[in-house]
Amino acid sequence: MSVIEDSIQPPPYKIVLLGESSVGKTSLVHRFTSNTFDVHIANTIGAAFITKLYTSHSDANRKVKFEIWDTAGQERYRSLTPMYYRNAKVALICIDLSNFESTFHTAKYWIQQLELNNSSNADDKPIEIHLIGTKYDLVQSQTTPKISQEDIETKVNELIESHGNIVKFHTTSSKEGTGIVELFEDIVVAIDDDFFKSYYDKAQSETDVQGGPIGSILNARHAATSGCC
Amino acid sequence: MSNGFRARLGSISTIQSARSLFPTTTVEPTTAVTFTNVEPNLIGTESTYTPSVTDSEGFLANSGLLTDDEVSDYFQQPDEDLSEMLTDLIRHTPEEPTSAKQSFLDVNIFPNPYDLDEEEFYKRHIEISKEDELFHDKLKQFFILSNAGKPIYSMNGSDEIIIGYMGVITTIISTFEENMNEEIYSISVGDMKIVALNKSPLILVSISKIAHEQPNVLLSQLNMLYNYLLSIISKPTIDRNFHNKLNYDLRRILTQLDFHNLDCLCMKMTYGLTSYDSFNYYISQLLNASLQQIKISYTARQRLNKILLDSKRMRQNSDDKETDLGADLLFSILSVNSKIVSFMKPKNHNLTNQDLTLLFSIINSSKSDISNDETSEDMWFPICMPNFNPNGFLYVFVKTIILQTTPVTITLLSSNKNSFYQIRQISNYIIHKLTKPKMLSKLTKELHESNTLAILREVPISHFIYKNKALNQFVMSDTDNSVNSVLQLSYFYNTLYHTKASQMKTIGSLNIKKFSYTRWTVDEAVITGFMLSDNNYEFYCLCNYQINSKELIGHCIKVIKWCEKNYNRLFIGNGVSFT
Ligand SMILES: Nc1nc2c(ncn2[C@@H]2O[C@H](COP(=O)(O)OP(=O)(O)OP(=O)(O)O)[C@@H](O)[C@H]2O)c(=O)[nH]1
Ligand SMILES: [Mg+2]
């Protein structure tokens with residue numbers, strides 16, 4: 001990998017979070033971006049777009065600007081969701097371990113939707129899916145869980161085997177802050193070297209031509225007339 | 001909610017801004033007056049508004065109150081005389097208000113049959129509770145149900161409790177069924193007022209035991225609740241869901257946040273509680289959906305308007321293709337704490353104040369302000385603006401940036417659900433302009449000062465509202481948001497607002513002046529409410545000093561003149577339009 005120039009912004013890397021309402025998507029993002037947890041967090045309306053610079057802990061050259069779409073799980077927003085996963089590299093599909101059956105069902109719905117999307121954009125690289133089992137703290141201490149850990153694992157494994165795009169299953173607790181840094185570290189480490197190389201090559205050549213960093217070449221052209229009001 | 005109450009009980013003072021005029025040396029919170037045995041004395045020749053406790057004996061009986069003639073005389077004084085007189089008046093030092101703990105209970109806003117203290121009263125009669133236990137003690141109820149009788153929302157109590165009200169509700173429904181064109185149903189039973197609104201397939205019901213809440217007020221509250229549902233779901237979606245499925249459960253597509261928002265709406269419409277902007281909301285609704293303003297210099301406002309206009313015209317060149325980034329942008333709003341600083345709209349369209357207020361309520365309910373050098377967060381969500389278009393959605397981009405310490409919110413409304421990235425670039429441009437050093441220092445300085453209305457340091461008026469009638473926009477002095485203050489202020493203004501005004505004799509003038517005057521007397525201490533209006537403005541104020549009414553009018557006129565002089569700084573007007 002070439003030496004990263006300070007003047008060049010790290011490459012954007014788009015991630016979308018999907019899953020039933022209240023599975024803990026926003027809590028996961030907040031734990032990652034600001035290391036906080038709020039029990040009284042509000043439901044997301046529509047979606048939130050969060051950007052965060054992240055440098056891999058194991059390789060300082062792996063630097064990305066995560067562009068995270070935290071979507072609302074409530075059904076009434078479903079028609080908007082395709083816009084959020086368009087061009088996404090990774091989808092985090094969340095399942096609430098303390099409410100497995102129903103949230104697992106919704107997770108399958110999202111996997112199908114992503115597959116439909118992949119097949120319609122044949123030229124793009126398909127979205128990689130990570131399954132996230134959230135709220136691990138709630139089931140860890142349970143003595144009589146509604147569904148056993150083994151049953152959960154079996155169901156998840158079946159799902160992974162039948163869908164080629166599912167990369168991995170992670171368990172997290174946003175409350176206790178476990179599994180989350182590891183998840184994003186995993187994602188960054190797994191990015192192809194080529195992705196960085198082609199990004200920086202392109203950026204470098206543009207910098208040479210235009211003598212400025214890429215990213216915000218906005219061209220605010222103001223109409224000569226301002227006949228308003 | 002109860003936590004907030006407890007935390008705020010410490011600093012009880014109805015009307016705090018007057019403190020700057022009369023500094024005290026005590027460390028204890030200074031409070032204005034002790035309220036005991038308050039009797040509203042409604043003054044004015046035709047006063048008809050009667051809160052529960054009043055009879056007509058107090059009218060005009062008090063000395064020191066003015067007559068029509070006196071008021072009109074006053075207005076005929078030339079300005080120089082007026083200002084001379086005002087100087088005299090200001091030198092006169094009113095008695096320092098007595099320091100005592102006061103409570104909304106002492107003002108007799110609500111009957112207190114069990115003789116509870118403030119906190120107990122609040123918990124038992126006011127605070128929302130989904131437990132059935134205190135259901136019948138609550139002063140206010142709201143229900144939303146489908147016209148098949150399926151409960152959707154109840155302000156208090158559980159689903160089961162609504163069964164208890166089924167008798168009333170079935171009667172209402174059958175009335176509506178008999179005559180489908182009937183939209184409103186209203187009855188009074190004892191001290192209880194019941195109003196229902198038929199928005200088939202939904203029915204909204206309000207039941208109030210609060211004496212100063214009139215049926216027309218309850219009706220507009222029901223419309224607000226209905227508009228909230230429209231804003232998140234839209235009329236066609238509601239109709240589609242209920243079509244052929246009379247038993248449809250609307251709650252399937254509502255979230256916890258929606259129920260929370262409905263709760264918040266109920267509380268702020270009824271009491272002006274419980275968040276920082278609830279009292280502003282209450283006053284805004286009282287003044288007929290007037291929009292609250294923030295003071296900022298004319299040049300700063302012009303510059304902000306220009307930034308919004310310029311951003312609308314942004315284009316981007318990439319791969320030899322030129323994109324018009326602002327093509328789908330309809331409205332741009334810069335606001336500070338839900339008060340609009342700058343506004344851009346299409347030439348032939350506008351958002352009503354009701355829609356704007358609704359929009360801000362929704363934004364506030366789910367705003368999270370994580371942003372630093374490494375992280376930023378934007379919101380993007382659909383909303384139906386019921387008065388703009390009840391049948392479709394607009395898409396809202398929201399981002400809050402902190403300019404030094406002031407949070408400035410950028411809200412951009414687009415007609416296209418896929419335009420997020422374009423709208424975000426527009427937002428980036430706006431942020432870029434706002435944070436340029438010169439703009440930033442000017443803006444932060446002005447926004448910092450905007451909260452204190454200088455005029456209040458010069459007059460012994462504790463709290464005032466000035467509304468520009470043509471614009472339907474108002475400015476109001478700062479309010480301390482404790483439960484006690486809010487309940488009292490909202491009661492005082494409500495009473496003042498509904499006190500029938502007397503018309504002043506004006507000879508040969510078309511600009512009709514009106515006034516009304518209300519007093520709440522407590523021992524020697526008095527709270528005076530005064531309203532003055534003409535064709536252009538409505539002015540309301542509260543004063544908690546021993547003051548003669550002529551003096552009070554002098555001060556009011558001073559404030560009114562100040563508002564008129566500062567018109568450009570106080571009012572945004574219609575904002576700026578693009579064609
Ligand atoms: N105990 C525990 N609770 C959690 C955890 N993560 C989230 N929660 C709680 O679960 C609830 C829902 O969390 P959110 O993060 O809002 O869920 P969401 O998926 O973003 O929901 P929508 O925005 O409606 O789609 C909140 O009350 C959180 O406090 C966790 O790891 N442990
Ligand atoms: Mg969320």
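Tutor: A residue is buried under 20% relative accessible area, exposed over 50% and partly exposed in between, with a 1.4 Å probe and protein chains only. This is a predicted model, in which local features need pLDDT of at least 70, side-chain atom pairs count only at pLDDT 80 or more, and totals for chains, interfaces and linings use all residues. Residues are numbered from 1 along each chain as its sequence is written, chains are lettered from A and ligands numbered from 1 in the order in which they are written, and side-chain values use heavy atoms, with hydrogens and water left out.

Student: How many aromatic pairs does a search of the whole structure find over all chains?

Tutor: Rings of Phe, Tyr and Trp (its six-membered ring) pair if their centres lie within 6.5 Å; planes under 30 degrees apart are stacked, those over 60 edge-to-face and the rest tilted. Over all chains, the search gives 39 aromatic pairs.

Student: Is the pair of B:Trp380 and B:Phe420 stacked or edge-to-face?

Tutor: B:Trp380 is buried at 0% relative accessible area, and B:Phe420 is buried at 0% as well. The ring centres of B:Trp380 and B:Phe420 are 5.5 Å apart and the planes meet at 75°, so the pair is edge-to-face.

Student: How many residues apart in sequence are the parts that this pair ties together?

Tutor: Helices (H or I, at least four residues) and strands (E, at least two) are DSSP runs, numbered from the N terminus. In chain B, B:Trp380 lies in strand β12 (residues 375–383) and B:Phe420 in helix α13 (residues 420–434), so the pair ties together parts whose separation is 40 residues.

Student: Is the pair of B:Tyr466 and B:Tyr537 stacked or edge-to-face?

Tutor: B:Tyr466 is buried, with a relative accessible area of 4%, and B:Tyr537 is buried at 3%. With ring centres 5.6 Å apart and planes at 20°, B:Tyr466 and B:Tyr537 form a pair that is stacked.

Student: Which strand of chain B holds B:Tyr537?

Tutor: This pair links distant parts of the chain, 71 residues apart. B:Tyr466 is in strand β15 (residues 463–468), whereas B:Tyr537 is in strand β20 (residues 537–543).

Student: The charged end of B:Arg124 sits over the ring of which residue?

Tutor: A charge sits over a ring if NZ of Lys or CZ of Arg is within 6 Å of the ring centre and within 35 degrees of the ring normal. For B:Arg124, the distance to the ring centre is 3.9 Å, and the ring is that of B:Tyr114.
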